[in-house]
Amino acid sequence: MASSAVYTHRDPMLKKRDDFEDILEERRNSSDLRYALRCYTPVVYKGVTPCTSSMLKSMVLQSDQIHYVISQVSKETGKAADDLQEEASAILEEMAHSQQLSTVRFFAFTLSKVFKTLFRSICVNEEGIQRLQQAIQEHPVVLLPSHRSYMDFLLMSYILYTYDLALPVIAAGMDFMGMKFVGEMLRMSGAFFIRRSFGGDKLYWAVFSEYVKTILKNGFAPVEFFLEGTRSRTAKSLTPKLGLLNIVMDPFLKGEVFDVNVVPVSISYERILEETLYARELLGIPKPKESTSGLIKARKVLSEDYGSIHVYFGQPVSVRSLAQGKVNRCQFNLVPRHIPRRPDQDVHSFVNDSAYKLVRAQEENMVLKPWVLLASLLLQNQAEGQKQGMALDELTAQAVWLRDLSRQYGAFLHWPDHVPPSEVVSSSLSLHQGLVRICEGRVQLAVEQAERPATPGEPRSTVTPEEELMSQAVIILSCASYRNQALHVFLRPALLASAIHTAASSQKQEVFNSFSFLRNMFSNEFILCPGATVQDFEEACYLLVKTGALQVTQQEVLVTERGQRTLGFLTNLLDPFLQGYQVVCRFLCEEATETLTEKQFIPAVRKFIVKHLLAGRLRYTEVLSSDLQKNSLAALLRLGAVRKIKGAEQGTLKVNKVMVNSLEDTLGGKLPTQKATVARL
């Protein structure tokens, strides 16, 4: 590999990003009623005439695909075709949206009131809106917002209504339908409802895919769904789900449309509404079911300040140009279009690679607030056992250092440069006062006060050590979700820093092997594009060399004197994840029984971790996160260190203790990484 001088790939610092404007500003100065009742005339795809929901349903039910699948299912099951037609019609009734402008106007009015109460500003990149408007007129459009909050899809429709753009049809999970009145309201504002999983139900799949494709091909409305499939409880991007992406790419692959435009949208909340709810969920404290009464009880939220939201509409991505040279579309000419078929390997890899690229595009346009940097620093300080926290001026100095570093790594950071850093820091701390305490000029996470207040007349000692640990963990996981927002910026350099730390020597090949092992281990945890190991290694070397932290020669990777601080920060950033995976390995070696099932895994590993945390044997409370535990199990299953036993009781796990043990050692840097499994540079 060439010397560090000739890295040719893109420099993250050169990214040009649009400016924002606050759409609430106008709402604060003019009538909400007039806004909700104003003339709404969005531009549409090629001037297509709008389609009523009953027209759409009959188009779907009369399509060749539905007829074909009904005859197939009828042959397989012996059910009468008419009954299946009825069934298809019922599925569609349950699923379909029925958008009504009156409901949209009601939401426009109500949400204006709610948003002005909750948020200081909702900032949108206008140029992105103009690009979207252009795209809608030229090709069918798919909107792919990131998903961190229940607010996301209401917010998206609100913004599109504000800019007079066509309102999207939105894929929503069935759980919303259970909310009496609200489910129907959402349906009337453009949501359609899908089951979370429909296994081998061919008819359901056919109705669902035909429904989406009919809307898309005819350009009736932009289709919107969440690539991650569900809300991220940890503020990290989740591994993309491919089902819906397969469906929306299908009309292009089969030549039914010239192109499809996919628009990644990044929604960044300065403070997440569900902050402590998510932390409790990750700790196994049961979450309330979606219900209308729950929504009304959540009104107390309205008295709080949630800072600002930034919504960035990314560059529209042409599926046609993505597929150039990746997919041979001739294969689709051999079979009539309406016959469903499993995608070939090359189509599957193409859709998978595209999904990763799109999630990366979402990540790169996420706006980071100063608090994200402060949370990262405070968590590291807390893990080092600094009980008294950090001096405010020390925290400010470190935050300025980290601000500059993250900008060098290409972060999209919103740090007001005209304000003195000390003010930026203190205003961030006051917005998140539920998570931090400032006492005598020192700042610490609010874990000391996390104990439950004693009821008058009761002795203080009613809090068990477990309960105290759990309430501290709620604070720590809430802070971690803010730190996680910045992980994508530091991830590749951090993997390299950890690799340097664990590698047996400074030989470049050793460091690469170590990097490759860690990257492979964590590919369920972070968004790492399949097959891009060498590219990621080069990007990490490039960033660390450019910022003076490393010297990379043909043979060696050396840390410079001034690089110590950067590498220290980066290795600390990944440490909680490393420890989380190690402790899961430890649990599987020590405690896993022959009959351990996937369902019992989380509660059992949680109990094991609580015991070790209370005994002071673990450094990071974060390892209590069920998300971290699930991801480490997924990684071990993928690497074959744990297998699911076929035919045994649902999801029984068979642990290969020798392999798990060796993975644990490698994670801890006790052994050199296995050479055989790694590509040579």
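User: First up, is Tyr40 buried or exposed?
Analyst: Buried: its relative accessible area is 14%, and the cut-off for buried is under 20%. Keep in mind that this is a predicted model.

User: Where does Tyr40 sit in the chain?
Analyst: In the loop that links α2 (32-37) and α3 (53-61).

User: And what does Tyr40 touch, leaving aside neighbours within four places in sequence?
Analyst: Tyr40 is in contact with Leu101, Arg105, Tyr161, Asp164, Leu165, Ala166 and Leu167. Asp164 is 124 residues away from Tyr40 along the chain, yet 6.2 Å separates their C-alpha atoms.

User: OK, switching to helices. At what angle do α5 and α10 cross?
Analyst: Roughly 55 degrees, with the axes of α5 (residues 81-95) and α10 (residues 202-217) coming within 10 Å.

User: Which hand is the crossing of α5 and α10?
Analyst: Right-handed.

User: Which residues make that contact?
Analyst: α5 brings Leu84, Glu87, Ala88, Ile91, Leu92, Glu94 and Met95, and α10 brings Leu203, Tyr204, Val207, Phe208 and Tyr211. Sorted by class, the α5 and α10 contact has ten nonpolar residues, two charged ones and no polar ones.

User: How many bridges join β10 to β12?
Analyst: Two, with β10 and β12 (residues 442-445) running antiparallel. Within that pair, Met390 stands opposite Val443 of β12.

User: Last topic. Which helix is Ser626 in?
Analyst: Ser626 is found in α25, which covers residues 626-638.

User: Is Ser626 buried or exposed?
Analyst: Ser626 is buried, at a relative accessible area of 6%.

User: What is Ser626 in contact with, again leaving aside neighbours within four places in sequence?
Analyst: Glu281, Leu282, Ile602 and Arg606.

Terms used. Residues are numbered from 1 along each chain as its sequence is written. This is a predicted model: local features need pLDDT of at least 70, side-chain atom pairs count only at pLDDT 80 or more; totals for chains, interfaces and linings use all residues. Side-chain values use heavy atoms; hydrogens and water are left out. Axes are lines fitted to C-alpha atoms, for helices over the stretch in contact, and angles run from 0 to 180 degrees between N-to-C directions. Helices (H or I, at least four residues) and strands (E, at least two) are DSSP runs, numbered from the N terminus. A crossing is left-handed if the near helix is turned anticlockwise from the far one by less than a right angle, and right-handed if clockwise. Contact means heavy atoms within 4.5 Å. Ala, Val, Leu, Ile, Met, Phe, Trp, Tyr, Cys and Pro count as nonpolar, Asp, Glu, Lys and Arg as charged, and the others, Gly among them, as polar. Buried means under 20% relative accessible area, exposed over 50%, partly exposed in between (1.4 Å probe, protein chains only). Two strands pair if DSSP finds at least two bridges between them.
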